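Please examine the sequence and the three-dimensional structure shown below before reading the report.

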Amino acid sequence: MTKSSSHVYNFGEFALIPDEGLLLRSNEEVFLPPKAFETLVLLVKHHGHLVKKNDILDSVWGDTFVEEAVIPQCISSIRSALGENSKSPTYIRTEPKRGYRFIAAVDEIPANGADQARPADGPLSYGSLSNDRSTHHVNFVAKEAFQPNEPLDLLDATESREISEPPQKVKNALAARMLRTGGSRPAVIGALVLVVCAIAAATYFGVKRSSPAEGQTLRFGILPLKPVDPENRDTSIEFAITDSLILKLSESKSFDVRRLNTVRKFVDINDDPIAAGRELNVDYVLSSHYQVVGGRVRVTSQLLKVQTGSMEQSFKSESELTSVFEIQDAISNEIGNAVLSRFGRPASIFVARRGTENEEAYSLYQQAWYLIDKGTEAESEKAASLLDRAVELDPNYAQAWAVRSHAYCQYAHLGGGEPASVFTTAEPMLQRAMVIDPSNAMAHTIKGAINRDYHWNFPEATSDLMRAIELDPSIVLAHRILAGVYYRNGQFAEAVESQKRAVDLHPTSLPDHWFLGTYLVAAGRKPEGITQLNRVAEMNPKFPPVYQALWEIHHADGNDAKAYENFLKMKEIWGRTEEEIAVFKNAYQSEGWPGVLRAELAWVRSMEPKGKFCKYKYYIAAMAALTGDNDLAFEYLDLAIRY
């Protein structure tokens, strides 16, 4: 697929100049790694047409052997540079299993009209000094010369390595020299390449090779592995290797690595790793693809810098398709050590702490966590069933016993069963976990949850949760539940601080951000709380609890119009029927906001099953209090506590 490149291609606010190696946004250069730039050129030249994956590999990589997994990484870099989201594309549309299509309108301008792509009187851009992109990258063919501390089998011999750009004053001086003296373009290019090579040498032969500054901690997101072939997906391999990589890199004090439950949501094949990195609030992401070929598992990982969207380095590892545990340890050690070397940290031998030698039990445990993280009643019930099977396979699997208890408790919280029955079933599971492993942080966490929510023993709950955090400071659930203990005990400032820690550890969690907003309001920091809740609405406009919190705040302020507005939005997002919503609209027109509250109380009482457990009892008590029916409020509070 070839097409003349002697054109400038304009689309949206961008101008693409293939001959100059330039992508401009409003006359400002936008950086792209070389292969991503070539891929963009290919897509833009064939705009409106499907470009198949094989055509991209043939055109951009030629005879160099690479896996198909490199293409989504290139597309991700392009999307990041163009500022678009893969789920609502403006420029590049993914054609599943086939390739990609550039969908924006493109204007082609002949090369002699290229002045339209940059300001006539503006400064000569860095990229305009070169006919190719060698001013941005140096292709190190002899990797032995520049990779003294890295395993030689991790990088292709002709891998393109990203390096720092020369200082702006150097670029400006060279550009001014060319303009002032009329010097030949090749001479200036040569001078600039020497500067780049000098910086490259300093980078690789200096005392500190890209190491974190003294006292600086780099934040990492290790994303779940993605299959090259989605039809042959093996989630047991994906989560096992991801978990081991997280735990291995967590051993370095220079790294703050997001836990698996924080990154597990990014399992979609089309998730943009740079966008995921921004959501995780990290400095780097490790994005990996795997392929099972000829009895071997092959993993390709790319280290991406979130701030720039650039690929810093790629790594490869292969393992015999033996046991999941052997694959997990071999690949996580090889790639993990390469990442450590990249930042000047010593290699280490890591053995995953799985808590079981039964591979099926371990796989069931990982699948259960994935379902628990979805946070629904049905998925929690499925997770509990998977963990029932896991502890049958290995009765001494302490972590599975603890998480099994968590699944049962979450099922009860979501209304799946009567708490008095579910919690009493869950408690012996915790006791079993603690007999096997007294230092199991998850067991102490769920014990704290039961003491808080079932026994109403706040001092004991606090003690349990403090112990859990002492054992594992990064356990999000313990910080979240402890914040709830403080809130219920009227310790609002402490609730805010504990919940902030939960948000820091799990920045993608909507419930954690929502809790923080409500606790800030309770702590007398209402403007901050409202700002936080509005942030949650921006993160996901379809998250109903945030609108309930907002209408309650506006009700307390006496702003009936805003309370009604958010109440109605809550109902719409919950998916209530037009007939149900019409009841509230009519109530507001005839009786104002108090009429809406009365209509809500009547509606929720109509949903209550008589003579059995119902998750609405506390809400009914709250609505009764808001409408002034104190007797009914106390009656339902008693029922809520009893159940």
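**Basis of the report**

This is a predicted model, in which local features need pLDDT of at least 70 and side-chain atom pairs count only at pLDDT 80 or more, while totals for chains, interfaces and linings use all residues. Residues are numbered from 1 along each chain as its sequence is written, and side-chain values use heavy atoms, with hydrogens and water left out.

**The chain as a whole**

The protein chain contains 25 helices and 16 strands; helices (H or I, at least four residues) and strands (E, at least two) are DSSP runs, numbered from the N terminus. Of its 643 residues, 51% count as buried, where buried means under 20% relative accessible area, exposed means over 50%, and partly exposed lies in between (1.4 Å probe, protein chains only). The protein chain exposes about 28,800 Å², of which carbon and sulfur atoms supply 51%; accessible areas come from the Shrake-Rupley method with a 1.4 Å probe, and for residues only the protein chains shown count as cover. A contact means heavy atoms within 4.5 Å. Among contacts between residues at least 6 apart in sequence, 60% join residues at least 24 apart.

Two packed helices are described by the angle between their axes and the distance between the axes. Axes are lines fitted to C-alpha atoms, for helices over the stretch in contact, and angles run from 0 to 180 degrees between N-to-C directions.

| Helix pair | Axes come within | Crossing angle |
|---|---|---|
| H17 (residues 476–488) and H18 (residues 492–505) | 8 Å | roughly 160° |
| H19 (residues 510–522) and H20 (residues 526–539) | 7 Å | roughly 160° |
| H22 (residues 560–573) and H23 (residues 578–606) | 11 Å | roughly 60° |

Angles under 35 degrees count as roughly parallel, over 145 as roughly antiparallel, 65 to 115 as roughly perpendicular, and the rest as oblique. The angle in the table therefore makes H17 roughly antiparallel to H18. H17 passes H18 in a left-handed crossing; a crossing is left-handed if the near helix is turned anticlockwise from the far one by less than a right angle, and right-handed if clockwise. Residues that meet here include Leu482 and Tyr486 in H17 and Phe492 and Leu505 in H18. By class, this contact of H17 with H18 has 9 nonpolar, 3 polar and 3 charged residues. Here Ala, Val, Leu, Ile, Met, Phe, Trp, Tyr, Cys and Pro count as nonpolar, Asp, Glu, Lys and Arg as charged, and the others, Gly among them, as polar.

H19 is roughly antiparallel to H20 because of the angle at which their axes cross. The crossing of H19 and H20 is left-handed. H22 and H23 are oblique to each other, and H22 passes H23 in a left-handed crossing. The contact of H22 with H23 has 12 nonpolar, no polar and 5 charged residues.

Most residues other than glycine have a negative phi. Lys97, however, has a positive phi near 65°. Lys97 lies in the loop between strand E6 (92–95) and strand E7 (99–102), and counts as exposed because its relative accessibility is 60%. Asn281 also has a positive phi, of about 60°. Asn281 is in the loop between helix H9 (273–280) and strand E14 (284–293), and is partly exposed at 43% relative accessible area.

Is Asn451 buried or exposed? Asn451, in helix H15 (residues 441–453), counts as buried because its relative accessibility is 8%. Beyond its neighbours within four places in sequence, Asn451 contacts Trp456, Asn457, Glu460, Ala461 and Asp464.
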